[in-house]
Amino acid sequence: MERSSAGWGSGLIGVIIFSGSLPATRVAVVDFSPMFLTSARAVIAGLLGAMFLIGLRQTLPSKKELVPLLVVSLGVVLGFPLLTGLALQHITAGHSIVFIGLLPLATALFGVLRGSERPKPAFWAFSILGAAAVAGFALFTSGGGSMLGNALMVAAILLCGLGYAEGATLSRRLGGWQVISWALLLSLPAMAIIAMLTAPIVWNSVGAPAWISLAYVSVFSMLVGFIFWYRGLALGGIARVGQLQLLQPFFGLVLAAAFLGEAISWGMIASTLVVVACVAGAKRFT
């Protein structure tokens, strides 16, 4: 019970941190190309992760752990950041909420395929209902989006779900912060080359909001958030704790209200209550 509760608490902190990722990415791609943003955030987070690994004298991963670590890199270091960056050039951050609502389902699915988890049928019912509540709220508040942007987000969600499940399975052996740090370190050489090749030609044209957003997605979205998230998935279960992602869009709207003065509607409150009920139901039946 204590292990499960710790997993839920850690996972919730991770979700709160991740909730600012898409809005920050939307701001950053105004002045940075998606490829530079993806590679730069990975380089910054990778250097920080390398400092932790060296400073705390971590043992090198075994050969059999290298392939799963590369899958984590593909999913959460390259795939999700790049594809969402490209998508957010065609759709709004608000519209992307539709797809974030599908992420718990993707994570649970890969948790079954890669993590050998077997949730009960009732879990899937609550999971689908929660995803539908998020998607319905998003569709009514953000309008439509381009087909290209939608397709890119679907691909991003699938890769992210795979990276989450693979990383959570590894975290049971290596530890949460070690997994994301090793995944970032493996991708560091390639990401550094890409960052140099795609860097802005004129740096003084980059505004302060883009720099702040780059800092956020590099330190928090790419590293700190994963430390809590992978620990939560490893302790509480991939499918179960993954349902907390249903709350991510609503946390994002709360942050927008607090820092940007945006209004919170009754529809948001009602949808949040439905989602909380679904998360509680999913927790009980996993």
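Which helices each supply at least two residues of the lining of the largest cavity? In this predicted model, local features were required to have pLDDT of at least 70 and side-chain atom pairs pLDDT 80 or more, whereas totals for chains, interfaces and linings use all residues. Residues are numbered from 1 along each chain as its sequence is written, and side-chain values use heavy atoms, with hydrogens and water left out.

The helices in question are H2 (21–28), H4 (63–87), H8 (147–174) and H10 (208–236); helices are DSSP runs of H or I of at least four residues, numbered from the N terminus. A search of the whole structure found one cavity of 30 Å³ or more. A cavity is here a set of points on a 1 Å grid over the protein atoms alone where a 1.4 Å probe fits but cannot get out, and lining residues have an atom within 4 Å of a point. The largest cavity holds about 160 Å³ of space, the volume being that filled by probe spheres set on the points, which are joined across faces, edges and corners. Its lining comprises 17 residues, of which Phe18, Ser21, Arg41, Phe80 and Tyr164 are closest to the centre. H4 provides the largest share, four residues. By class, 11 lining residues are nonpolar, five polar and one charged (Ala, Val, Leu, Ile, Met, Phe, Trp, Tyr, Cys and Pro count as nonpolar, Asp, Glu, Lys and Arg as charged, and the others, Gly among them, as polar).

Phe18 and Tyr164 also belong to an aromatic cluster with Phe226, Trp229 and Tyr230. The structure contains 12 aromatic pairs, defined by ring centres of Phe, Tyr and Trp (its six-membered ring) within 6.5 Å, with planes under 30 degrees apart counted as stacked, over 60 as edge-to-face and the rest as tilted.

Phenylalanine 226 is also the site of a bend of about 45° in H10, the bend being the angle between axes fitted to the seven residues ending at a residue and the seven starting there. Just after H10, glycine 237 adopts a positive phi of about 105°. H4 bends by about 40° at glycine 79, with proline 81 following within four residues. In H9, a kink of about 55° lies at leucine 188, shortly before proline 189.

One salt bridge was counted, the criterion being a side-chain nitrogen of Lys or Arg within 4 Å of a carboxyl oxygen of Asp or Glu. The side chains of glutamate 65 and arginine 173 form this contact at 3.4 Å, N to O. Because glutamate 65 lies in H4 and arginine 173 in H8, the pair ties together parts that are 108 residues apart in sequence.

Note on methods:
1 Å grid on protein atoms, 1.4 Å probe; cavity = no way out; pocket = protein on both sides within 12 Å on 5 of 7 lines; lining within 4 Å.
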